[in-house]
Every structure is written in C-alpha cells, then in structure tokens.
Amino acid sequence: MPGGFGGASAVGRRRFLVMSTAAVALPVPVSACASGDAQGLAPAGAGTTSTVGLTVNGKRRSAVVDNRTSLLDLLREHLGLPGTKKGCDQGACGACTVLVDDRRVNSCLAFAVMHDGARVTTIEGLARGGRLHPLQQAFIDHDGLQCGYCTPGQIVSGVACIEEGHTRSREEIREWMSGNLCRCGAYTNIVTAIEQTAKGA
Ligand code: FES
Ligand code: FES
C-alpha cells in the first residue's frame, strides 16, 4: 500500500483518527465496550433496536436499527446512500469519511445511535442545483483518482480540509488529509485538486 500523503502525515493521521474516534469513545455502555463495537462483532445488546433520526444532506431521515449498527451501515444499507465507501471497516483508511455537524468522522467507527439528531453530509450531498461541488470538479480536472474507491472519502475530507483552512501549503494539505489513504497512489493530484479549489474558494 502506498505510504499515504507523506511528510508529517503520521502525526496528522493520528490526530485525525483521535478526533474521529472520540465520538465513539464515551457514551457506550460498559457492557457494550466489553464485548461490542460498531462493526457488530459482539452480541452485547443483540436484538435491541432504536429509532435514529438524522438530517442527511438536508433531508430528515429516520430508521429503526440494531443498536450495534454503524453510521456507515445506516447510510449505505438503511438509507440507500451507497456513495460512502466501506474500505477497511476499522478506522484505518478514511474511505467512509462523512461530515457530522461539519466535522470529519470515520463513519465505520461511529455507532448510528450516538448521532441521533445530527446533521450528516455525504458525497451525495455536495452537488448543488445539478452542478458538482468545485472540489468534485477539480478531482476530474486534475485527475485526482484512478479506481475511484477512495474518492468519495477523499472529496468529503477535502471539503472539510478547505473549510478548516488547512490549505496554506501542499505540505499542510498532506498533513490534514493523511487520514485518507489511496491504494492507487493518486496523492499528488488529490493535493493539487484541493490546493486549486482552495485558491478559488
Ligand atoms: S472504512 Fe472506515 S476508515 Fe476504512
Ligand atoms: S484507491 Fe484507487 S483512486 Fe484511491
């Protein structure tokens, strides 16, 4: 696997993962911590369901889900939004990145029930009025993808990276995008797409 965006990426990636996983660290019942996780590997709470209501891409959505359901599976399997990809399903690749209340989150690590009431933005929600988001267009213009599997996560993360103002240099972009891996190694062009979009923002 390519080594990521490089530079000081290890530190940045750790910081990103800490931010992303913090959302699943505290409110989980002790019993669930002992034997369950967002990937549904353990039986804690099995058979217990909850109604989760979210605003997804500007629309109110709800679903009844098993309490162990990840936000990623809620989006893909229950709400019919398969644009967000499942790569590692372990918080390591960033393919599942969505915005929760404008913050980047690895949705494979987040329990859906913990985000009841939240505002979620996925790759399907970036275009406006039939026009691609400028960063989506930039990925096309600058050839920021090959197989495309990591691309939804890269673009959602890139949108946040621009909004956060972490685009003052290519090195800074690499640092703050280091939670998103690309097995095809399209990093140089991904950074260019983000850099150019930030300049036009
Ligand atoms: S699928 Fe979530 S981080 Fe890889
Ligand atoms: S994994 Fe193929 S374009 Fe990134």
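In what order do the five strands of the open sheet lie? In this predicted model, the strands follow the order 2-1-5-3-4, and their pairing is mixed. The edges of the sheet are formed by strand 2 (59-66) and strand 4 (103-106); each has a single partner strand, so one side of each is left without a neighbour in the sheet. On average, neighbouring strands of this sheet are turned by 40° against each other, with direction ignored.

Within the sheet, strand 3 (residues 97-100) and strand 5 (residues 119-121) run antiparallel and are joined by two bridges. Leu 99 has Thr 121 of strand 5 as its bridge partner. The sheet is also packed against by helix 5 (residues 151-164), which touches strand 3 and strand 4. The direction of helix 5 makes about 40° with that of strand 3.

The description now turns to a pair of helices. Two packed helices are described by the angle between their axes and the distance between the axes. For helix 4 (residues 134-141) and helix 7 (residues 187-200), the axes come within 9 Å and cross at roughly 135°. Because angles over 145 degrees count as roughly antiparallel and those from 65 to 115 as roughly perpendicular, helix 4 is oblique to helix 7. The crossing of helix 4 with helix 7 is right-handed.

Which residues make this contact? Helix 4 contributes Pro 134, Leu 135, Ala 138 and Phe 139, while helix 7 contributes Ala 193, Ile 194, Gln 196, Thr 197 and Gly 200.

Definitions and conventions: Residues are numbered from 1 along each chain as its sequence is written. Chains are lettered from A and ligands numbered from 1 in the order in which they are written. This is a predicted model: local features need pLDDT of at least 70, side-chain atom pairs count only at pLDDT 80 or more; totals for chains, interfaces and linings use all residues. Two strands pair if DSSP finds at least two bridges between them. Helices (H or I, at least four residues) and strands (E, at least two) are DSSP runs, numbered from the N terminus. Axes are lines fitted to C-alpha atoms, for helices over the stretch in contact, and angles run from 0 to 180 degrees between N-to-C directions. Two residues are in contact if their C-beta atoms, placed from the backbone, lie within 7 Å. Angles under 35 degrees count as roughly parallel, over 145 as roughly antiparallel, 65 to 115 as roughly perpendicular and the rest as oblique. A crossing is left-handed if the near helix is turned anticlockwise from the far one by less than a right angle, and right-handed if clockwise.
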